Amino acid sequence: MDFDPAISSRALTNERLRIALGWGEYRDLGGALALTSDAPIEDLNRIESFTTDKRRLDGLLDIGFALLRAFDCAPAVCLTPLDRPLSLEAQLERRGLRERQRSVTMVFRGDAAAIPVSGDVAVRRAGPDDAAAFRDVAAGSEKWARRLFLGSTIEGMQHPGNTYYIGSIDGQPAGSMHVLIDHATAGIYAVRTLRTHRKRGVCSALLATAIRDAQSAGCDVITLRTASDGDARRLFATAGFVVAHENALWVGG
């Protein structure tokens, strides 16, 4: 699809709301946002959402990178087509940052009824008693991820607009999905299927349910972010998602 700044802005705002559910803390630098987190990954310790001009860019990067170093994090910046000024990439290169990874933000443009749903998969909405089960599916084995997923899930369940889904096979949790609805925008997160249950239609069943629920709630933008290549992007494309914009993570030494 053609780049639509309004849709991309809504998707990024929804993502920031999700991060605020216990994943990290934003600080307004006056021309960009700084995100810091207990998570030991660069994608949650970065500068983003640039709205500055060329004259103020150097000082803004100095402040942002100093803040990241104070949290023992390397300089990192997430860029999207919405960021300004246009000279930002060149400035990052001069500072020794290089593009480390690329992801895509995708928007649903398909038909939820056309997504194949396996009769072997049962999808239910998780309640507070299911927070640990949701964490066990969504977080994997990393201790920091399990801690943050559990805290974020418990907090999110206390706020309207958050729905957590568990897909099960033979009564056993096999997949997870979190949907955050903000006005008419729905963001899809925590998409994961346990390795032992992959290629059995778990993700498709979760997507079909989540999309129908979001549309019933009045959402006209349903979005998610995934790696720019790989099986996940192909699965989402098959389900009816198209690329809204690319995200590039730049990291320095």
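**Entry 1: the start of helix H1**

I looked up the N-terminal end of H1 and found that Asp-4 caps it, with a side-chain oxygen 3.0 Å from the backbone nitrogen of Ala-6. The model is predicted, so I note that local features need pLDDT of at least 70 and side-chain atom pairs count only at pLDDT 80 or more, while totals for chains, interfaces and linings use all residues. Residues are numbered from 1 along each chain as its sequence is written, and side-chain values use heavy atoms, with hydrogens and water left out. Helices (H or I, at least four residues) and strands (E, at least two) are DSSP runs numbered from the N terminus.

I then checked the span of H1, residues 5-19. Its 15 residues at 1.5 Å a residue should span 21 Å, and the end C-alpha atoms are 21 Å apart, which agrees; the expected span is 1.5 Å times one less than the number of residues.

Next I listed the buried residues of H1 (buried: under 20% relative accessible area, with a 1.4 Å probe and protein chains only): Ile-7, Ser-8, Ala-11, Leu-12, Asn-14, Glu-15, Arg-18 and Ile-19. They lie on the same side of H1, because they cover an arc of only 155° around the axis. The arc is taken from the directions from the helix axis to the C-beta atoms. An α-helix has 3.6 residues a turn, so residues three or four places apart point the same way.

**Entry 2: His-178**

I located His-178 in strand S8, residues 172-182. His-178 counts as buried because its relative accessibility is 1%. Its side chain makes a polar contact (N or O atoms within 3.5 Å, one able to donate a hydrogen and the other to accept it; residues adjacent in sequence count only if both atoms are side-chain atoms) with the side chain of Asn-162, at 2.8 Å. Not counting residues up to four places away in sequence, the contacts (heavy atoms within 4.5 Å) of His-178 include Arg-18, Phe-134 and Tyr-189.

Definitions and conventions
Buried means under 20% relative accessible area, exposed over 50%, partly exposed in between (1.4 Å probe, protein chains only).
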